[in-house]
Each structure stands twice: as structure tokens, then as C-alpha cells.
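Please prepare a briefing on the structure shown below.

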Amino acid sequence: DLSVAGARGMEHLDAATAWRERKTSSVFAFTTGLAGTYVIGASTTPSEITLAGKDFNAYLADDGIDDVLEARRAAGELERGATERYAKHVKAVVQVGARRDSGYAAVLGYPAEIVPENNPYRLRRGDTLVVRCLVDGQPVANQIVLAGGRTAAGSRIAAQKTRTDANGLARIRVTRSGRWYVKFIHMTPVNGDPKLTHESKWATLTFEM
């Protein structure tokens with residue numbers, strides 16, 4: 001799915017013509033209309049990957065999937081390899097012109113999704129961005145959420161790690177200007193499948209301050 005939500009409402013683009021794959025990235029273009037705050041999104045079809053135990057553990061540690069890593073450690077399965085089915089659901093909030101509106105809060109209906117509770121383009125340094133984390137349309141509690149980014153000069157913005165509350169809300173303090181990401185990976189074990197061991201849904205939100 002390729003979607004754009006903004007001043008014209010919700011539009012779904014034709015992935016067959018709008019989506020272009022490059023060697024290490026994929027791109028699509030759309031034409032803005034009226035000034036306002038827009039959300040653009042892409043939801044990919046699932047892929048599968050098989051990793052050795054050591055590599056899977058490193059991936060879990062790097063991407064904030066601590067609970068699955070601890071479950072493997074408790075079960076004595078750190079040496080066990082894994083085959084994961086995953087899909088990525090990414091959104092970017094962009095500002096067109098000076099008019100800031102409620103377009104940032106659009107829900108695209110993806111299997112995993114991050115929805116801002118306040119407009120990222122009204123933030124100033126030191127403010128807090130509140131996001132709602134959804135899995136299959138429902139708020140997900142106690143989900144680890146990572147945030148960070150890069151400044152305009154290219155230096156890294158220190159990463160933050162937090163968890164959602166009982167209502168699926170996470171709070172990110174925006175410490176520096178630059179391009180920010182907020183992301184989570186919701187992973188669950190798969191039982192009774194001779195091939196798969198885990199399934200995950202990735203959600204990412206980006207914006208610029």
C-alpha cells in the first residue's frame with residue numbers, strides 16, 4: 001500500500017507505477033496540493049529471513065526487541081536459529097507551506113502503526129512528542145519504542161528507548177533539530193509451523209524539526 005493523507009483527504013497510489021526500487025532503497029513521488037500537514041505511508045508485503053542464533057540475538061538487541069531476547073535466554077534457546085516473517089509499515093509526516101493542521105493524526109490502518117498525538121511541526125527543542133502505537137488497529141502496551149535521528153549537519157541525535165503505557169502511548173523528548181525517527185518492532189513467536197519461528201510487524205514514523 002502507498003497512501004497520502006492531507007488537505008485533499010486520503011489517497012491511495014498505484015504501487016505498480018508510483019513505486020521504484022533502487023539497489024538499497026525504494027522511492028515514490030506524489031504531488032502536494034493545499035498547504036498543510038501531510039502523512040505519507042508505505043506498507044510492504046511480508047518477507048522471510050533465516051538467521052543463526054548469534055545473529056538473531058544481535059538483531060534483537062540492536063532493534064529493541066528485548067522481551068523476545070530475554071525469553072530466549074530464559075528458555076536456553078540463545079544458540080537456536082530463527083526464521084522470521086516480517087513486514088514494514090512506514091510513515092513520514094511532512095509540512096507543506098505554513099498552515100499546520102490535523103493531517104498528522106491520520107490513521108492509515110496498517111498492521112503496525114505510529115500515530116502522533118501532537119503535531120511534530122509545532123514542536124520546539126525540548127518539547128515532548130507523544131505517539132500512539134497500534135498493532136492490528138489496537139493500542140499496544142509495554143512496547144519498546146526507539147527514537148533518534150540526524151542533525152542537518154549529519155551528526156547523530158542520541159537514541160532514546162522508552163515503553164508505551166497501558167494506553168499504547170509513548171513520550172519522546174525532542175532534544176535537537178533535525179530529521180527524527182520513532183520506531184518499534186512487535187514480534188511474536190510462531191508455534192506449530194515447521195518453518196517459521198517468529199513473526200514481526202515493523203512500524204516507523206519520521207519527521208523533521
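Helices (H or I, at least four residues) and strands (E, at least two) are DSSP runs, numbered from the N terminus. Asp136, for instance, is found in the loop between β9 and β10. This is a predicted model, in which local features need pLDDT of at least 70 and side-chain atom pairs count only at pLDDT 80 or more, whereas totals for chains, interfaces and linings use all residues. Residues are numbered from 1 along each chain as its sequence is written, and side-chain values use heavy atoms, with hydrogens and water left out.

**Largest pocket**

- On a 1 Å grid over the protein atoms alone, a pocket is an open set of points where a 1.4 Å probe fits, with protein on both sides within 12 Å along at least five of seven lines; a cavity is a set from which the probe cannot get out, and lining residues have an atom within 4 Å of a point.
- Grid points are joined across faces, edges and corners, and a volume is the space filled by probe spheres set on the points.
- The largest pocket has a volume of about 930 Å³.
- Its lining comprises 35 residues, of which Ser26, Ala42, Val90, Lys91 and Thr204 are the closest to the centre.
- Two or more lining residues come from each of β3 (19-21), β4 (26-28), β5 (36-43), β7 (82-96), β14 (179-189) and β15 (198-208).
- Strand β7 gives the largest share of this lining, 8 residues.
- The lining of the largest pocket divides into 17 nonpolar, 11 polar and 7 charged residues, where Ala, Val, Leu, Ile, Met, Phe, Trp, Tyr, Cys and Pro count as nonpolar, Asp, Glu, Lys and Arg as charged, and the others, Gly among them, as polar.

**Salt bridges**

- Side chains of opposite charge can pair when their charged atoms come close.
- The structure holds 14 salt bridges, each a side-chain nitrogen of Lys or Arg within 4 Å of a carboxyl oxygen of Asp or Glu.
- One of them joins the side chains of Lys195 and Glu48 (3.1 Å, N to O). Lys195 lies in the loop between β14 and β15 and Glu48 in strand β6 (residues 47-51), so this pair ties together parts that are 147 residues apart in sequence.
- Lys195 is exposed, with a relative accessible area of 54%, while Glu48 is partly exposed at 37%; buried means under 20% relative accessible area, exposed over 50%, and partly exposed in between (1.4 Å probe, protein chains only).
- Asp67 and Arg163 also meet through their side chains in a salt bridge (2.9 Å, N to O). Asp67 belongs to helix α3 (residues 66-74) and Arg163 to strand β12 (residues 156-163), so the pair ties together parts that are 96 residues apart in sequence.
- Both partners are partly exposed, Asp67 with a relative accessible area of 43% and Arg163 with 33%.
- Asp136 forms a salt bridge with Lys201, their closest N and O atoms being 2.8 Å apart. This pair links distant parts of the chain, with Asp136 in the loop between β9 (128-135) and β10 (138-139) and Lys201 in strand β15, 65 residues apart.
- Lys201 is buried, with a relative accessible area of 19%.

**Nonpolar cores**

- A nonpolar core is a set of buried Ala, Val, Leu, Ile, Met, Phe, Trp, Tyr and Cys residues joined through side-chain atoms within 4.5 Å.
- The largest nonpolar core has 28 residues, of which Ile114, Leu129, Val131, Val182, Phe184 and Phe207 touch the most other members.
- The elements that give two or more residues to this core are β8 (112-116), β9, β11 (144-150), β13 (169-173), β14 and β15.
- The largest share of this core, 4 residues, is provided by β9.
- Apart from this core lies another, of 10 residues, among them Phe56, Tyr59, Leu69 and Ile185.

**Selected residues**

- Trp202 has its place in strand β15. Not counting residues up to four places away in sequence, Trp202 touches residues including Tyr59, Phe184 and Ile185, contact meaning heavy atoms within 4.5 Å.
- Asp136 has a positive phi of about 55° although it is not a glycine.
- Asn142, likewise not a glycine, has a positive phi of about 60°. Asn142 is placed in the loop between β10 and β11 and is partly exposed, with a relative accessible area of 43%.
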